[in-house]
Amino acid sequence: MATASTRGKNIRPSPVLSTFMWQEALFNWGIPSLLGAGIAVVALLSLFDEIASTTGVTALGFLLLLLVIFFPLKLALSGAVEPRIRALILGFSLVWIGITCAQLYFAVFVGSLTGGGSVAVDGGALTLPLSEQGKIYDLVIEGNFAAAAGDVGREASYVLALEKDGKKIQEFTGVFSERSVRQRLGRRGSTTSHQLHNHVLHSFVSPGEGTYQVTAVRIDPQLTPTLTISLYRDTYPEKTFWLLSGLLLIGAYIGEVVLAGQEVPLVLVTAIALVFVLTFRNLGVPPHSYRDLVGAGMIAAIAGPLVGWIFRIVADLIAKSLGFARLKPAAASAGKGKGPKR
């Protein structure tokens with residue numbers, strides 16, 4: 001029986017197939033390529049000093065966090081999941097991005113500037129307004145070394161006093177450092193890197209509302225005689241950081257339980273991201289540098305999986321004690337072509 005020939009007819013691909021192909025391309029190479037290109041562009045602009053250091057550090061941090069969450073998100077959405085589960089995954093991802101990026105942002109921009117100026121040993125006091133007792137403030141001290149000949153390798157300290165009505169309330173001490181480090185460039189070359197640490201952050205709690213004075217008790221002679229002071233009101237307290245971090249880890253664990261059959265490492269990537277942000281927050285002081293970003297990434301790559309593993313064990317024990325057994329993926333067969341023993 002003859003059949004009608006389809007030769008010469010334009011056969012349009014199915015809309016469902018076209019959508020699938022676009023999604024496959026987007027998840028396989030589209031999004032990773034865009035994020036990688038963004039990282040490269042920001043790195044180049046920063047290398048040639050075309051953007052401010054704080055802007056470059058923040059942008060690179062955001063892009064790295066997006067790259068970290070992309071891979072578990074891809075695993076979660078690659079399988080056949082119900083629309084309700086898909087909505088939960090996307091919702092959790094948005095919350096994950098919002099919390100981690102906010103924590104990074106407030107690590108770079110420590111708070112709202114409420115006062116500042118400069119102090120010298122023989123100069124007058126700097127007046128700073130503080131609000132009610134218990135409010136957290138960040139005092140950033142910046143100093144500069146006097147010019148020196150030859151190889152640089154020195155440290156210099158300072159002592160400042162917070163006073164009110166002539167009575168000393170608190171004392172701040174810190175150390176600046178400057179050194180030249182020899183770094184290898186491949187097998188045959190090397191270069192000298194100048195490392196300067198001239199910012200120190202002091203966190204303190206307001207002793208009470210009022211006007212206070214900061215005076216310079218001692219400034220090392222190796223420094224220029226004037227120190228610059230910036231007072232920030234902490235807009236992202238440490239308690240908020242720990243609370244949101246704990247809730248995010250719990251949400252990641254619940255997500256793993258829901259997606260137990262797909263083995264999506266939500267707890268692992270969440271722990272890595274939180275260790276990265278926490279390390280970055282405490283590794284340096286404002287203004288944070290690219291060195292702080294790289295150092296935090298290296299520490300997170302090592303400590304993050306350990307934190308995630310410990311949290312998962314503790315969460316499994318708590319869930320088991322409450323009567324909620326975590327679903328396990330189906331066990332693999334003993335081997336190909338091997339049936340059960342008789």
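Visitor: How many residues does helix H4 have, and what distance does H4 reach from its first C-alpha to its last?

Guide: Helices (H or I, at least four residues) and strands (E, at least two) are DSSP runs, numbered from the N terminus. The expected span of a helix is 1.5 Å times one less than its number of residues. Here H4 has 21 residues and reaches 30 Å, close to the 30 Å expected at 1.5 Å a residue. Please note that this is a predicted model, in which local features need pLDDT of at least 70 and side-chain atom pairs count only at pLDDT 80 or more, while totals for chains, interfaces and linings use all residues. Residues are numbered from 1 along each chain as its sequence is written, and side-chain values use heavy atoms, with hydrogens and water left out.

Visitor: Which residues of H4 are buried?

Guide: Buried means under 20% relative accessible area, exposed over 50%, and partly exposed in between, with a 1.4 Å probe and protein chains only. In H4 the buried residues are Phe241, Ser245, Leu248, Leu249, Ala252, Tyr253, Gly255 and Glu256. They lie on the same side of H4, because they cover an arc of only 160° around the axis; the arc is that of the directions from the helix axis to the C-beta atoms. On the other side of H4, Lys239 and Leu243 are exposed.

Visitor: Why can residues that are separated in sequence point the same way?

Guide: An α-helix has 3.6 residues a turn, so residues three or four places apart point the same way.

Visitor: Against which elements do the buried residues of H4 pack?

Guide: The buried residues of H4 pack against H3, H5 and H6. Contact means heavy atoms within 4.5 Å. Leaving aside residues up to four places away in sequence, Thr279 touches Ala296 and Ile299.

Visitor: Which residues have the most contacts inside the largest nonpolar core?

Guide: In soluble globular proteins, nonpolar side chains tend to be buried together. A nonpolar core is a set of buried Ala, Val, Leu, Ile, Met, Phe, Trp, Tyr and Cys residues joined through side-chain atoms within 4.5 Å. The largest one here has 42 residues, and Leu65, Ile89, Trp96, Phe276 and Phe280 have the most contacts inside it. Among the elements that give two or more residues to this core are helix H1 (15-47), helix H2 (53-78) and helix H3 (83-108). A second, separate core of 24 residues includes Val119, Phe145, Ala156 and Ile229.

Visitor: What does Leu65 touch?

Guide: Not counting residues up to four places away in sequence, Leu65 touches Trp96, Thr100, Cys101, Leu104, Ala273 and Phe276.

Visitor: How many salt bridges does a search of the whole structure find?

Guide: Side chains of opposite charge can pair when their charged atoms come close. A salt bridge is a side-chain nitrogen of Lys or Arg within 4 Å of a carboxyl oxygen of Asp or Glu. The search finds 5. One of them joins Arg84 and Glu82 (3.8 Å, N to O); Arg84 is exposed, at 54%, whereas Glu82 is partly exposed, at 47%. In another, the closest N and O atoms of Lys168 and Glu171 are 3.1 Å apart. Glu171 is partly exposed at 42% relative accessibility, and Lys168 is partly exposed at 47%.
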